Every structure is written in C-alpha cells, then in structure tokens.
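Please keep the sequence and the structure in view while reading.

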Amino acid sequence: MALPEHTQVLIVGAGPVGLVLAHLLGTEGVETLLVERNAGCVPEPRAISIDGESLRTLQAAGVVEEVRPDLLEGFVADYVNGDGTHLFSTDLRERPFGFCMQNAFDQPRLERTLLATLAPKSSVTVRHETELQSFEQHAEGVDVRLRDADGKAQRVHADYLVGCDGGRSEIRRAIGAVMEGDRLPEKWLVVDTVAPEDDELPTCRFFCDPARPAMTLKRPHGERRWEWMLMPGETDADLLEDARIRALLAEHTNPDGIGVYRKCVYGFSAVVADRFSAGRVFLAGDAAHMTPPFAGQGLNSGLRDARNLSWKLAAVLAGRLPATLLGTYQTERHDGARMLVDLAVGLGARIQPTDPAAAAERDAMFAAINADPRKAAEFRANSAAALRSSRLPGGWFDAETGGGAQPWQPTLEGAVGRLDDVIGRGFAVLRCGGAGVGDVLAAHPLWRALDPKQLDLDAFGAAASELGPDVDAHTPGLLLLRPDRFVLARLPADEAGALAALDRLHAAL
C-alpha cells in the first residue's frame, strides 16, 4: 500500500512511546505517519510497570479506560535482606495524578490496545514492515526514504521526524547524538511465568541478598516477573537451564504448576543522549535514554518525552507558537531523564550490593531508621517522592511566579471526571480566589495565541485544595496551565504583575 507523499510528523518505531506519541498527535488532528520495521507488536513483555503520570498521559490520549482492564493497579513494594528481615516498603497506591503511583502491566497487551485504538484517529496512518533507509533535512522539512513491506523504496516528505527506534537508534546515529553514561557491569536473568492468580507471594518484593540479589513483581492475568543477578563465574547458559530456574524459584515458592514462557539474560545501561534533537529531527524513548529497571522508569521516561514533544509539535504546526518552542524539548527532557537514570542507579546500589560488609552496613542503617517511627515514615515518604511530584528542571515556564510544577489531578466536585477531563485539550487557566481575566490581559499577544480555556477552580469545592504542595491554589490569582498540565505561570491578581509574567514568557520564545 502506498505511503502518503507528505506528512506533518513521521514517527519511526511503533513501540509504546511511538504509539502514544501518535495517539497524542492524532488527538490534535496532526497528520502523522507511524512506521515500524517489524510485522506487529512485540510478543514478549519487556517493560512491566507504568506510573500514574504516564496513565495521565494515556488519559490525554483518550485511551486510559481501554488500557486499565489489563493493569494491576497500585501495590506495595517491599525490600528484605538476605535473612528475610524487612528493610523498608514503598506504598505505591496513592493517586496524586489521578491514578496509582505505580501499576503492573503486560507490554504486548498494551501495544495491541494502543494500536487498535489508533484506528479511529483519521489523521494517523500506521505501516508495519516499513523500514527507514535514510533521511535528509533542510529548511522546509525532512525528506525520508523508506522501504515498504514489498521491499519497494518510497519517499515521504515530513515537516518533522521523530526517532522512537530504540536503544540502537539509527536516527540517533544519523544526527550525531552520543549516549553518555555507563553500561552496568551486572547481568540479570529475567524470567516471566504464569501461575495461579491466588498465589501467596507478595505483589512486589526485592530480595536484597548479597548472595544473589533478586526481585519479583506480580502482573495481570496470573503472570509474574522474576529477576536474579548473575554472580561471578556464572554464564548466561548456566542460568538459562530449566533445572536452574526451577531451583531459583524453589527458594521463594513451589515451582510446581508455574509455567515459564520467557527467559533471557539482560544487561542494563544508564545512559542519556547528549542531545535529543537536531533541526527538525527528534529522539524519544530508548533512542534518547536507557534506564536501569530498579525504579520502574524506563518506559515512563519515554512517555514523558511523548507528552512533552506532542503538544509543542501541534502548537507549532498549527501556527499558534513559533518553532523556537521546540528547542525547549531538549532543556525540559534531557535533565529530567538524567535525574531518573541517577535515581534508578542509586536505588540499584541499595538492592544489589554483593559485598557482605556493604550489605551489613546497609542493614544496620535500616535497622536504625526502623527503630525510630518518625524517621521510618520520613524515609517511606521520600522513597516515593519522585512518583508523587513532577517538576520541570528548566524550560518554558515562568519560574518567578511558581511555574514548572505539574498539579495533582483530583476528581472535581460538581463535575464528571478528573481535572484534566474537565479542562479538555490545550492551554487552560484556573481562576483562584475570585481572580478574573481583565481586558488588558486578554489582549496580550501571548494570551491570544494560547487562547486558554477558563475555569473557576473555587467552584469545585474541596478538590480545589488538592492540587499538591508544589502548586499554590489558595492565593488569589490565575494558574496558567500548558497542554501537558505543567504550570506555565501563576499570574498574580494584580494586572501589572500578570502582564510582566506574560511578557517574560513571550520574550523567552
């Protein structure tokens, strides 16, 4: 089937990040072509956890309710040492962004659902068995050479090209971006199993045993992920033997009745590309960063890329905002991705020390923390802080007035649905404390370009105070929200201060 000769955005790679990016662009009516070299969705479960902020992104894409039946929503992750002594737990059932902070899922099911729900979005075209051959960019766009399922070369002109083509990204190589960071020395055996859904194992447990660090996570539909570190002198083949896997399972559960349907050995990288874009070409997902699995943020970082980039592309293509806005993608996502990579590395250092002396020192630290209820509660709260608060490290927002944080998403009184459902797409302004939008403010050129939907937050009762500790919803003023629901600015009630903030934002573009 012939490909379109022109598209506004061409996405290479139909994994979860590429599919979600296509959904978000399709929701905005952006002409999008999504191509994938493989014949269909991946058959194996790679990523296994999706966080509340990512589900908020799927909500924006209009598909979260279709995805939720295949989630195990919210759980407690607990950590025990080699003796089985409890070290700490992280409760991931809170819903600051409208959904549990962490949720287990099955990647093949997620991809199939995302693919199926793309069909009604008429501005999106999907082609599998279509491979990128080369591209050249110029001032007016990107000329892309593709090879279709029949081996025929086809050329497509795109206004913008996005590489969601994974850790071995050809697009990253072509723009000269370089991964910075480390390949972790440890290797892990990853085993996916099917077992009775009423198994008595904890939903999520990390075995911080210096003799062999391990973890397990229950997933939907009776499935469970197991991971064990390879120890010095062991080979991949040693750990992949069925008898060895059965023996490893037997240390934690009765292996009878458990079916192993996938086994492999992985190494992990902690790397971030030095740049996420070059001209009209962008990177997202594993093409831009790869994260160790210990904080469950690999896929979620990629979905943050998709949310950040999609609204900017839509606004620029519609002529509402200048193309210079796209330069903020690098600023906002590079440091954010780096922070989560470092978080995962730090958490891994707690989980996987194999030196008995280091493990004993860690155990003693947690014994001291747990002996003090106040310190224990503080540690538990801090261990989930990254999933409870989302803030941009820099970029297009007015820091002087408190911009850059993402409000929590309460269910609003007197309205059907969560905050984002009530707001809808695009920019929005939440009026707080009776503040209004005067004629002078409404006449500002940036305000006219944004054309924000206006809502009176005070009308939603107690939920108005549930926007989180990083967002001031009590002082009279205007909360100006970006389409990705980060605060662009908190405009003060006085007209002069509000106009000054708009001027700063306008000048930053």
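Asp-451 is exposed, at 58% relative accessibility; exposed means over 50% relative accessible area, buried under 20% and partly exposed in between, with a 1.4 Å probe and protein chains only. The model is a predicted one, in which local features need pLDDT of at least 70, side-chain atom pairs count only at pLDDT 80 or more, and totals for chains, interfaces and linings use all residues. Residues are numbered from 1 along each chain as its sequence is written, and side-chain values use heavy atoms, with hydrogens and water left out.

Asp-451 lies in the loop between α15 (445-450) and β21 (453-456). Helices (H or I, at least four residues) and strands (E, at least two) are DSSP runs, numbered from the N terminus. Most residues other than glycine have a negative phi. Asp-451, although not a glycine, has a positive phi of about 45°. His-221 also is not a glycine and has a positive phi, of about 65°. His-221 is found in the loop between β14 (214-218) and β15 (223-229), and counts as partly exposed at 34% relative accessibility.

Strands β14 and β15 belong to an open sheet of eight strands with mixed pairing, in the order β6-β5-β13-β14-β15-β12-β16-β19. Because β6 (86-91) and β19 (289-290) stand at the edges with a single partner strand each, one side of each is left without a neighbour in the sheet. Two strands pair if DSSP finds at least two bridges between them. Strand β16 (residues 259-273) pairs with β19 in the antiparallel sense over two bridges, and Val-271 has Met-290 in β19 as its bridge partner.

Another antiparallel pair consists of β9 (residues 131-138) and β10 (residues 141-147), with seven bridges. A hairpin of two residues joins β9 to β10, and Glu-136 stands opposite Asp-143 in β10. Leaving aside residues up to four places away in sequence, Lys-152 touches Leu-146 and Arg-147; contact means heavy atoms within 4.5 Å.

Leu-146 is also among the residues that Leu-10 touches, as are Leu-33, Val-35 and Val-144, not counting residues up to four places away in sequence. A nonpolar core is a set of buried Ala, Val, Leu, Ile, Met, Phe, Trp, Tyr and Cys residues joined through side-chain atoms within 4.5 Å. In the largest nonpolar core, of 120 residues, Leu-10, Leu-58 and Trp-396 touch the most other members. Helix α8 (residues 298-317) gives the most to this core, with nine residues. A second, separate core has 19 residues, including Val-422 and Leu-455.

Helix α8 also contributes at least two residues to the lining of the second largest pocket, as do α2 (52-60), α9 (328-351) and α12 (385-388). The largest share of this lining, five residues, comes from α9. Of the 20 lining residues, Glu-53, Arg-304, Ser-390, Arg-391 and Phe-486 are the closest to the centre of the pocket. On a 1 Å grid over the protein atoms alone, a pocket is an open set of points where a 1.4 Å probe fits, with protein on both sides within 12 Å along at least five of seven lines, and lining residues have an atom within 4 Å of a point.

Finally, Arg-418 lies in the loop between α12 and α13 (419-423), and counts as buried at 14% relative accessibility.
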